[in-house]
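Biologist: Before we discuss details, could you put the structure up so that we can go through it together?

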Amino acid sequence: MGWFRGRVLALEGLEMEVQKGEVFGLLGPNGSGKSTAMKMILGLLRPTSGSAEVCGFRAGTISARRQIGFLPENPYFPVFLSGAELVRYYGRLSGLGGAGLEKRVKELLELVRLGGEAGKRPLRTYSKGMLQRAGLAGALVGDPEILMLDEPTAGVDPAGSREIRDLILELKARGKTVIFSSHLLEQVEDVADRVIILHRGKKLREGRLEDLLTRKNEWEVKVQGLPEGDRQELLVWLKKKGGQVVREGAPREKLEDYFLRSLPEETRR
Amino acid sequence: MIGCLRRISAVAGNTFLEAVRQKVFAVLLVFALVLIGGANYFTEFSFQEQFKFLKDLGYAAISLTGLLVGLLGAAQLIPGEIEKRTILTALCRPLRRWEFVVGKYFGLTAYLALMVVVMALAVWGVLGWKEGQFLRAEGLDPEAAAAIRAEAMDPRLLQAVLLVGAKLAVVAALAVFFSTIATSTTFVMAMTLLVYLIGHLQSVAREQWLEAGEVSRWTVRIFLAVVALLVPDFNLYNLIDEIVAGNVVVWRTTLEVVGYSGVYIGVLLAAAACMFEGRDI
């Protein structure tokens with residue numbers, strides 16, 4: 001950390017494995033080591049001990065980095081570039097060039113909805129959501145197997161956040177592996193197949209969301225169109241059978257869904 | 001190999017573009033051009049003095065502006081990217097760290113070269129303009145006209161441009177080296193300036209010590225040898241003053257100094273790449 005400041009162990013004994021094609025969530029409070037883990041996989045930080053492999057290559061090597069597209073927590077991009085220039089620059093850094101690169105830049109800008117005039121504007125005029133989408137296009141330009149997204153929705157409004165969520169799902173459908181960190185647990189729940197929970201550099205829990213979140217001793221059924229009288233009768237029957245009714249009543253919509261539904265159609269997109 | 005060149009050129013191109021889009025560099029360039037152009041209005045001299053004054057001021061403006069741009073630009077190259085964290089999005093790609101350092105250096109050097117060329121053309125233009133004025137004033141005296149032409153359009157000025165460029169390229173390489181170990185732009189600028197000054201003073205100091213007979217002790221000898229080896233001798237570029245003063249400097253000497261600069265640039269970039277390789281981002 002610097003002279004006379006001592007050393008901090010950012011990660012300790014972390015073991016994790018991400019399967020091809022899955023969406024993997026890194027969870028934990030600030031300072032838990034999520035970004036450090038990502039930086040180590042990318043070779044930006046060197047571990048004092050231990051190792052990592054990316055698609056069979058030692059983490060941090062050129063071959064390993066070729067497999068990864070990275071989107072940092074904040075839009076750390078050269079703001080003097082336009083959206084298209086940014087994606088082109090990252091493409092050239094990934095060894096691409098010529099007509100193939102131009103085609104890819106166009107396709108990706110369309111994918112993240114920054115095609116046309118928006119892609120020609122300087123990044124300094126972009127909103128946070130637009131910057132994240134431009135960064136996502138930049139992360140995808142080398143056609144990596146793995147996408148590593150560090151807090152991709154931090155500071156992004158609900159509509160932008162939903163767009164990024166949809167993009168993650170679309171990438172998953174295309175067979176990409178996505179590793180991402182987020183504080184928005186609801187969003188993680190929506191997209192992740194598996195999660196790991198870190199705290200002060202150590203692993204607390206890891207597993208499939210289905211296994212971690214399902215309350216196996218409870219049973220839930222959603223019913224529509226049942227008259228009030230029948231509902232009461234059903235409750236009585238459940239009690240008679242020995243069941244304990246934990247929660248009962250009309251289900252509530254998620255605030256995010258309600259908010260987005262309230263916006264005009266063109267704002268939602 | 002093609003991929004490597006493509007990545008280096010991508011970093012260099014981006015660095016060049018960043019420099020071109022920086023208003024502060026454009027302002028410095030405009031300032032230098034105004035200075036060079038303004039020198040034309042000092043007309044109290046004979047034509048020999050006038051041309052010498054124009055060349056002196058022109059080359060001083062090129063050197064000073066280039067030095068400022070080189071220092072400011074190089075100081076921002078890596079510490080600036082680390083401060084803004086844009087380096088994360090570059091180094092996470094299949095890009096080797098040495099490619100990043102070399103690309104950054106080439107981008108900055110290309111911009112410095114462009115500035116030197118633009119300013120040298122301005123000096124050349126001002127000299128040409130003054131030549132026309134003197135020719136009109138002197139009438140059709142062929143002898144005087146030939147002397148004026150020889151003073152104004154001296155081909156040796158090309159040597160001076162080359163030497164200014166080489167000197168600035170060494171300063172930029174020094175700044176790039178310090179930028180790979182520094183965390184702040186101030187440190188880079190301070191260290192580069194310090195070495196620049198030592199580089200100017202070292203040969204003078206060495207001569208003084210030799211004359212005073214203080215180099216008999218082997219420790220002093222080793223110290224002098226280490227300083228001479230580590231710090232480029234910037235006094236070599238004083239050939240520019242010789243050229244501007246109208247003295248003959250053979251091309252061979254000029255090219256030797258350019259070669260000397262090339263060796264230092266190579267060593268500094270190799271050292272910078274080594275230092276940067278092990279650095280945590």
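This is a predicted model: local features need pLDDT of at least 70, side-chain atom pairs count only at pLDDT 80 or more; totals for chains, interfaces and linings use all residues.

Biologist: In which sense do β1 and β6 of chain A pair, and over how many bridges?

Modeller: Strand β1 (residues 23–27) and strand β6 (residues 177–181) of chain A are parallel, with four bridges between them.

Biologist: What is the strand order of the open sheet in chain A?

Modeller: The order is β4-β5-β6-β1-β7-β8 in chain A, an open sheet of six strands with mixed pairing. The edges are taken by β4 (68–71) and β8 (202–208) of chain A; each has a single partner strand, so one side of each has no neighbour in the sheet. From one strand to the next, the twist averages 15°.

Biologist: Which strands of the sheet does helix α1 of chain A touch?

Modeller: Helix α1 (residues 34–42) of chain A packs on the sheet and touches β1, β4, β5 (146–150), β6 and β7 (194–199) of chain A. The direction of α1(A) makes about 145° with that of β5(A).

Biologist: And where does helix α5 of chain A lie?

Modeller: Helix α5 (residues 128–140) of chain A lies across β4 and β5 of chain A, and runs at about 165° to β4(A).

Biologist: Back to the strands. How do β7(A) and β8(A) pair, parallel or antiparallel?

Modeller: They are antiparallel, with six bridges. Within that pairing, A:Ile196 stands opposite A:Glu206 of β8(A). The two strands form a hairpin with two residues between them.

Biologist: What is the phi of A:Arg200 in that turn?

Modeller: A:Arg200 has a positive phi of about 45°, although this residue is not a glycine. A:Arg200 sits in the loop between β7 and β8 of chain A. A:Arg200 counts as partly exposed because it has 14 C-beta neighbours inside 10 Å.

Biologist: Where is A:Arg113, and how exposed is it?

Modeller: A:Arg113 is placed in the loop between α4 (98–111) and α5 of chain A. A:Arg113 has 15 C-beta neighbours inside 10 Å, and therefore counts as partly exposed. Its phi is near 60°, a positive value in a residue other than glycine.

Biologist: Let us step back to chain A as a whole. How many helices and strands does it have?

Modeller: Chain A has 11 helices and eight strands. Of its 269 residues, 36% count as buried. Its C-alpha atoms fill a box of roughly 70 × 50 × 35 Å along the principal axes. Among contacts in chain A between residues at least 6 apart in sequence, 67% join residues at least 24 apart.

Biologist: What does the domain assignment give for chain A?

Modeller: The assignment gives domain 1 (23–213) and domain 2 (228–268). The centres of these two domains of chain A, taken over C-alpha atoms, are separated by 35 Å.

Biologist: New topic: the largest nonpolar core. Which residues touch the most other members?

Modeller: The core has 134 residues, and those touching the most other members are A:Ala137, B:Met119, B:Ala172, B:Ala173, B:Ala175, B:Val176 and B:Leu269. Helix α8 (residues 157–181) of chain B supplies the largest share of this core, 17 residues.

Biologist: What does B:Val176 touch?

Modeller: Leaving aside residues up to four places away in sequence, B:Val176 touches B:Ala74, B:Leu77, B:Val101, B:Lys104, B:Tyr105, B:Leu268, B:Leu269 and B:Ala272.

Biologist: How many residues does each chain bring to the contact between A and B?

Modeller: Chain B brings 21 residues and chain A brings 22 residues. On the side of chain B that touches chain A, the elements giving two or more residues are α1 (2–20) and α5 (86–91) of chain B. α1(B) gives the most, with six residues. By class, this side of chain B has eight nonpolar, four polar and nine charged residues.

Methods: Residues are numbered from 1 along each chain as its sequence is written. Chains are lettered from A and ligands numbered from 1 in the order in which they are written. Two residues are in contact if their C-beta atoms, placed from the backbone, lie within 7 Å. Ala, Val, Leu, Ile, Met, Phe, Trp, Tyr, Cys and Pro count as nonpolar, Asp, Glu, Lys and Arg as charged, and the others, Gly among them, as polar. Two strands pair if DSSP finds at least two bridges between them. Axes are lines fitted to C-alpha atoms, for helices over the stretch in contact, and angles run from 0 to 180 degrees between N-to-C directions. A nonpolar core is a set of buried Ala, Val, Leu, Ile, Met, Phe, Trp, Tyr and Cys residues joined through C-beta atoms within 7 Å. A residue is buried if 20 or more other C-beta atoms lie within 10 Å of its own, exposed if 12 or fewer, and partly exposed in between; C-beta atoms are placed from the backbone. Domain bounds come from an automatic or database domain assignment.
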